[in-house]
Every structure is written in C-alpha cells, then in structure tokens.
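Here is a protein structure to explore together. Please take a moment to look it over, and then follow along from the whole chain down to single residues.

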Amino acid sequence: MEQFIDNLPPMDLMRSEKMSFVQLIIPAESAHRAISYLGELGLLQFRDLNADKSPFQRTFVNQVKRCAEMSRKLRFFKDQINKAGLMSSSRTVLQPDIDLEDLEIQLAEHEHELIEMNSNSDKLRQSYNELLEFKIVLQKACGFLVSSHGRAVPDERELQENVYSNDDYVDTSSLLEQEMRSQPSYTSGLRFISGIICKSKVLRFERMLFRATRGNMLFNQAPAGEQIMDPVSTEMARTKILKICEAFGANCYPVPEDISKQRQITREVSSRLTDLEATLDAGIRHRNKALASVADHLAKWMNLVRREKAVYDTLNMLNFDVTKKCLVGEGWCPMFAKTQMQEALQRATFDSNSQVGIIFHPMDAVESPPTYFRTNTFTSPYQEIVDAYGVARYQEANPAVYTTVIFPFLFALMFGDWGHGICLLLGALILIARENKLSTQKLGSFMEMLFGGRYVILLMALFSIYCGLIYNEFFSVPFHIFGESAYRCRDNSCRDAHTIGLVKVRDPYPFGVDPSWRGSRSELSFLNSMKMKMSILFGVAHMNLGIILSYFNARFFGSSLDIRYQFVPQMIFLNSLFGQSWRESVVLGPKTTSNCALLLAVIAVPWMLFPKPFLLKKLHSERFQGRSYGILNTSEMDLEVEPDSARQHHHHEEFNFSEVFVHQMIHSIEFVLGSVSNTASYLRLWALSLAHSELSTVFYEKVLLLAWGYDNLVVRLVGLTVFAFATAFILLMMESLSAFLHALRLHWVEFQNKFYHGDGHKFRPFSFASLTEDDD
C-alpha cells in the first residue's frame, strides 16, 4: 500500500511549492537594476532586515520622498484631466524611455504651468461672474425703479410723458418715483441697494431687513433667469443693510438712478462679458491642449513612478554595508525559480557594467517558510475560499484540490433545481464570455466578487442542474424526461392519489425521482426520508475524506505517532458511531454487531487521548538525555551570521508535558463531540433543499398557476411578472447566497478541521504585476 502511494504522481495543488531561503550580496552600482529585474520576475519575497528602523532612518528615504512627490503631481494631473472631461489616450505614443530625473523636471514644469493657468482662469471666471451678475442687476433694477404698478417704461422720455406729467402723480406715485422726478436722490434720505442673493435665502433675508430697519424699507425681487456662479465679495459693509447683505451672502452692485446711464453701463458690461467669454474659451482650449499632452503619457509615467517607488521601498529592506559598498538581502523563493533568478541577476550585472557579480546562495532558516500555490484563473477563486479560513501550513495538504468539486456539489444538494441551475449557468457564461472586457474595467465590489467567482458559479450551476435532474424539479415542476413513470392511478380520475395511493406497474424510474411522487399521498415523507439519509451519507463520507487526508499529512511529515494514535482511532470512532446509529435506525441488524461497534467507539477515546503525550515525552527525554550543556559559539560562526538574519532567532524550546497533554485532551474531546454535532450539521443539506423546493412550489402554484386560472391578460401578465421577480430575487439571489454560506460552513468547519491547521503565512513576493493604484 505504501509503495503504491509513493508511486502516485505529485499534484500541483496538493502541496505548496518547496521554498528556499536565500541571501543576496549586491554591489551598490547594480542594486537598482537587480531589484527591478527581480520585480519583473516576481518570485522573491524579501525579508525586512531594517525592521527596527523607522522609515526616515533608512538609506533610500530621499528617493522614496521624491517618488511620493511625483506620485502626488501625477494624481493632480489625473484629477485635472478628469475634471476637464478628457480621456487618457489609448493609442501608443512613441516616446523614448525617460529616466526619473528628467521625468521629475518635466512634471515640475507641467505642474507650474497648469497651476498658473488655473489661477488665471479662476480670476477671469470670477470677473466674468461678477459682470454677469451686474448685468442682471441692471436689467432687473430698471423695472423696480420706474413704477410701483410694474409698468417698465423702456425710454426716459416715455417715463416723463406718461408718468411725471400726470397731475395726479404726486398723490399716486411712490416715494422713489417722486424723488427721481423732483431732485437727485442724494438730497433726500432715501437710498436703494441692489444685488443678487441665493433664492433659498430670500424670505429670511427680507425678514431680517424688515426688523433691522423697523419696517422703513421697500423690498422687491425678481428671479435672475439663469444660473450664476457665486463670486467672492470682499467689500466692507458700513451700514446695517450692507452687513445683513454680507451675512446672507448677497452680492451688492452700484446701480445709477439715471436710466440712460444704466443702459450705457449695461452696454459696457455686455461688451466686457463678450471679451471675457472669448478670453475664457481661449484659456480653456490652451489648458485642455496642455492636459491632453500630459494625458498621452500619464499612464506610462504613473507606472514608472509606481515601480521606482516600489524598488526603493524594497532597497530600504536591505542592509547597506558601507565598507564593502554592497547591499545584503534575504528572502524566500520557490525552488523552481532559482535558475530564473540567477539569470536575472547575471543580466543585471551585465547591464549595469559592474565589475563585481551578484552573490546568490541558499541559507538555512529556522522560521517556517511561506506557503505558495501556483494557481490559474480557474483554481484561484477556490484557493481564495480556503485562504479565507486560514493559509495552509507549509507543505500540508491543500483543501482547495477537493474544494473545486465538493464545494459546488454541496451547494447543489441544497439548490437542486435544473431550471434555476440553467439560470445560474447563463449568468456564469455571460461573465466568462465577457472575461477579457470586464477584466480591464473597474467594477463595483459586488460585481467584482461575481466576476472573480465566475468559474465557481459555473460549477455550482452545472451541479445544480445535475441534482435538479435527480430531484426531478424544473422550477418545482417534475417532468417525464427519462421515460414513463413506474406508477399509475387506480382509475382515470386519479382521485385516490392523495388518499389510497398509486399502483406500481413497471420497473423503477431509470434516473432520479419518479415524477409521480409529486402530488401523491406520501410525497413529503418519501422526499424527507430520501434527502435526510442522503445528507447523512454524504456528511460521513465528507468527514472520512478529511480524516484520510490527515493520514497523508502525517505520512508526508513522517509522524508515525499521528497515524497510530490519531488517524486510526478517529476512523474507528467515527465509523463505529455512525455504523451503530445507522444499523439501529435503518438496517435493524443483529444486536451483537451494534454492541461491537459501540465498544470500538468507546475504546477509541482513550486510544486518542493517552498514548501520544507519554510517547512524545519519552522520545524527548531519550533525544536530549545528557545534553544539559549548550554549544560553544566561535568567532567564525558569529561572523558568518548577518545582522538581523533569520539564523539569529533560533532558540531551543523546552518540552512541556502538561501543555502537550492538555492540547491532546482538548483535541480528543473536540473530535468526540464534533463527530456527533458535525454529523447532525450535515442535515442542513436536507433542510435547505426541502425549503428551496417548497418555496419554489409556493411561487409556482400560488402565483403563476393562480394567475393563469383567470381568463384575463392583465392578471396573467401581473402573475408572470411577480413569479419572475420572486424567482430572480428570492430563489436565485437570496437562496443561492444562503446555500453558498451553508456550503462554506460545511467545508470550513466539518471538513477542514479534521486535517487542516491553516496557521501558515502567504508567500508575498516583490512583483511589479501586483502593484495597484493604492500603492501610489
């Protein structure tokens, strides 16, 4: 058996990649290029050898600050481009490679030019808005000052003839009109203030003026007729009204009382507005042209600065040896990548014209290596599901291998309906067909989650169709797909189907549930019994698979104690307990067999609990017997150890028997109690499958069929619409989310806790491909 297992071909995802701890000694002149080439390769995780230093105490802090400042300028350009409504050019712009110093100078020039243009544009826009308000004030004030009856006379001569020459004018005209006719306004105590205020503040503004002047004022208003940008007013207020105007944000303008002067000023304002419009349009065109030239290179510049900043951040993790003028780095890399890394480092030495090569050699490490699985577009979401529970310990069995099939199958057991499965399949196929387009777009959080799990949805849909065919449910409706039913009614009326039952006339239905069970007397009891037993069987098989994987883990790590005193008693206990319960409830076999199964389960408990801690204590005492002294350290050994190296952190851990025994006792009790609770937990497969089927039946019979019973097109359309919305939002969205979460629980808790530690740390290499906009 062991020879057969050894001859099995290795699986890519079954064990994480073998890792090697390496040290790099890089000459200073080729350090930047070497780190850049390693970033392009993306297979080396650097270890921070300057963790005790603050970011401002590191060697390349000035370079990092320069890159951060350039990132700020590029973000400023991007915001300005977006505000201007310009799109970054998708065409390839032929531009020679530019170094960081030249780019820094160009960005400073572009920023200075753009800030100056924005400042000039703001000043022109403020002047334009003020003149526009002044023009509207002149137009509206003319109508206010002529007649209290609202008769706006366009000409001063008409005003004189039609208003001032009237004999009854003195008795009927307003105070303002009398003053304008008799003498200049400065000889009387009346004054007027005209301006523009926000429409929402007019009512409060009028109340405040009335109270401040104790009612000695006239207030009139008219809508401006067009939207106006509010210019900033800096005039000092000297009177109560001006102070109130300022408090309410009203912009006041001087309006002459002479109508001819008003018209002259209006013409002058209109002329200046026309000139300002032309100037603003020219400024906007010039600014957009400058932004367009930046937009052509913005993506390339942002990528260059992002990469340079990442390189200097990585260089800050290395030790700088001033005497030898070199940098010393340590990190983890996969074993298969050693050749590629050596080639990249040799290329960096050659390209930088360095006289000294880069030293790359493996080292021994005490700390646990990181976990790295090579995944693709299909396996990546399943690996993410497992990693959400915990990253696998280095080289332990990876549950993602089995998640690719078991997880969507557990989902389908609860969501089994081949009509609903087809709907999920169409959604998954749409996401897969638009994969290239959607992968380049910025999606929302929900849509990004769906797109990332498109292949998970695909398998869930396929398994849902399969389980739906077994349950024989298409939107809760059974079909005679695989032949005729094995049962028939006792007569043509079929009135006894719900009371007496059906008659079996031929062999059983070839595949899945016989459609005749639908609507029969024993439909619910039959489906309940079938789904409940199926859930328990799948649950026990699922947990047995987890225990078997613990055997492969123990065998891989060479732990015979775990095989003898953990794997074997666990298999005996779980299957004896399940077998005894199954015989009592289903098979009703001999009582002696049940008693033997119960006895084996009782024996397995101390088998799990006691031998392993005592054997570990014995092995530890034999291994370290007589070793009460430590190893002498020589100066040569100390010189070989680099500062902050991983080898410095090695320390001998003492064996604590009580801690080991308590840990084993907790593990044994957890397994014994979990064997019962975990088995019962798989009944959720039965419960959710039944709930999904009954809910689908309710929507079909009480909504669709009920509406179809009316001979009315509107009622039928309403019923069809309600059925479609209920199916989409309740059955396809809420029910699928519920089944997904329950399948996740079964996979994480009931399956993975049998063998999976999940206490490792993920391999995070320095890679340009993993840089995002957040790294700016």
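Let us start with the chain as a whole. What you see is a predicted model, so the values that follow are computed from predicted positions. The secondary structure of the protein chain comprises 25 helices and nine strands. The chain has 776 residues, and 40% of them count as buried. Its accessible surface amounts to about 45100 Å², with 58% of that area belonging to carbon and sulfur atoms.

Now find two helices, H18 and H23. Helix H18 covers residues 523-556 and helix H23 covers residues 657-681. Their axes come within 10 Å and cross at roughly 145°. Which residues meet here? From H18 come Ile-536, Val-540, Met-543 and Ile-547, while H23 brings Phe-671, Asn-678 and Thr-679. Sorted by type, the residues of this contact are five nonpolar and two polar, with no charged ones. H18 also holds Leu-537. With a relative accessible area of 43%, Leu-537 is partly exposed, because it falls between the cut-offs of 20% for buried and 50% for exposed.

H25 gives the most, with four residues. One member to pick out is Phe-725, which is found in helix H25. Phe-725 counts as partly exposed, at 48% relative accessibility.

Charged side chains come next. In one, the side chains of Glu-330 and Arg-47 meet, with an N to O distance of 3.5 Å. Glu-330 lies in strand E6 (residues 326-334) and Arg-47 in strand E2 (residues 45-47), so this pair ties together parts that are 283 residues apart in sequence. Are these two residues buried or exposed? Glu-330 is buried, with a relative accessible area of 0%, and Arg-47 also counts as buried, at 16%.

Another salt bridge joins Arg-58 and Asp-48, whose closest N and O atoms are 3.2 Å apart. Both residues lie in the loop between E2 and helix H3 (61-83), so the pair links parts that are 10 residues apart in sequence. Arg-58 counts as buried at 16% relative accessibility, whereas Asp-48 is partly exposed at 29%.

The remaining stop is the pair of Asp-759 and Arg-393, whose side chains meet at 2.7 Å, N to O. Asp-759 lies in the segment after H25, and Arg-393 in the loop between helix H12 (380-389) and helix H13 (400-415), so the pair ties together parts that are 366 residues apart in sequence. Asp-759 is partly exposed, with a relative accessible area of 48%, and Arg-393 counts as partly exposed too, at 32%. Salt bridges can also be joined up: Glu-69, Arg-72, Lys-73 and Glu-111 are linked in a network of them.

Finally, visit two loop residues. Asn-353 sits in the loop between helix H11 (338-351) and strand E7 (359-363). Its phi is near 55°, a positive value in a residue other than glycine. Ser-476 has a positive phi as well, near 75°, and it is not glycine either. You will find Ser-476 in the loop between helix H17 (454-471) and strand E8 (487-488). Which of these residues is buried and which is exposed? Asn-353 counts as exposed, at 63% relative accessibility, whereas Ser-476 counts as buried, at 1%.

Notes. Residues are numbered from 1 along each chain as its sequence is written. This is a predicted model: local features need pLDDT of at least 70, side-chain atom pairs count only at pLDDT 80 or more; totals for chains, interfaces and linings use all residues. Side-chain values use heavy atoms; hydrogens and water are left out. Axes are lines fitted to C-alpha atoms, for helices over the stretch in contact, and angles run from 0 to 180 degrees between N-to-C directions. Contact means heavy atoms within 4.5 Å. Ala, Val, Leu, Ile, Met, Phe, Trp, Tyr, Cys and Pro count as nonpolar, Asp, Glu, Lys and Arg as charged, and the others, Gly among them, as polar. Buried means under 20% relative accessible area, exposed over 50%, partly exposed in between (1.4 Å probe, protein chains only). A salt bridge is a side-chain nitrogen of Lys or Arg within 4 Å of a carboxyl oxygen of Asp or Glu. Accessible areas come from the Shrake-Rupley method with a 1.4 Å probe; for residues, only the protein chains shown count as cover.
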